[in-house]
Amino acid sequence: MASVYKADDYELCAALDIGTTFSSYAYSFKGRESDIQGTKAWGANLGVVNLKAPTAVLVDKDAKFVAFGYEAQEKYKSLDQQDARIYSLFEKFKMELIHLK
């Protein structure tokens with residue numbers, strides 16, 4: 001199958017690994033394809049050092065993105081009960097996406 005994209009059109013190649021429990025990413029730049037960069041310390045600001053982050057997304061009452069991964073989990077845990085009602089934390093949702101059309 002021929003690609004509609006030409007290699008010369010792009011300066012960056014990126015990959016996302018959205019897993020059931022954890023997620024990660026990697027990227028490289030044109031001309032340095034073997035120098036692959038990626039997650040080094042997701043959650044380090046929370047005292048957790050991991051190459052992957054929990055597949056967790058926190059959104060507000062307007063369905064606007066608030067946080068992802070460890071930050072989403074920690075922010076949601078820190079909310080009092082009344083504030084927690086205006087946020088939604090989605091975790092381990094990947095397998096539910098297969099049922100969407």
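K30 is partly exposed, with a relative accessible area of 36%, where buried means under 20%, exposed over 50% and partly exposed in between (1.4 Å probe, protein chains only). The side chain of K30 forms a salt bridge with E11, the closest N and O atoms being 3.5 Å apart; a salt bridge is defined as a side-chain nitrogen of Lys or Arg within 4 Å of a carboxyl oxygen of Asp or Glu. This pair links distant parts of the chain, since K30 belongs to the loop between β2 (22–29) and β3 (37–38), whereas E11 is in the segment before β1, 19 residues apart. E11, at 54%, is exposed.

The model is predicted, so that local features need pLDDT of at least 70 and side-chain atom pairs count only at pLDDT 80 or more, while totals for chains, interfaces and linings use all residues. Residues are numbered from 1 along each chain as its sequence is written, and side-chain values use heavy atoms, with hydrogens and water left out.

The structure holds four salt bridges, among them these:

| Pair | N to O distance |
|---|---|
| K30 and E11 | 3.5 Å |
| D17 and K52 | 3.7 Å |
| E74 and K77 | 3.6 Å |

D17 and K52 meet in a salt bridge; D17 lies in strand β1 and K52 in the loop between β3 and β4 (53–54), so the pair ties together parts that are 35 residues apart in sequence. Both partners are partly exposed, D17 at 36% and K52 at 35%. E74 and K77, by contrast, are three residues apart in helix α1 (residues 70–78), which separates them by about one helical turn; E74 is partly exposed at 38%, and K77 is exposed at 62%. Helices (H or I, at least four residues) and strands (E, at least two) are DSSP runs, numbered from the N terminus.

Three strands form an open antiparallel sheet in the order β6-β5-β7, two strands being paired if DSSP finds at least two bridges between them. β6 (65–68) and β7 (87–91) stand at the edges, each with a single partner strand, so one side of each is left without a neighbour in the sheet. Strand β5 (residues 56–60) pairs with β7 in the antiparallel sense over five bridges, and the bridge partner of D60 in β7 is Y87.

I18, which lies in strand β1 (residues 12–18), counts as partly exposed at 40% relative accessibility.
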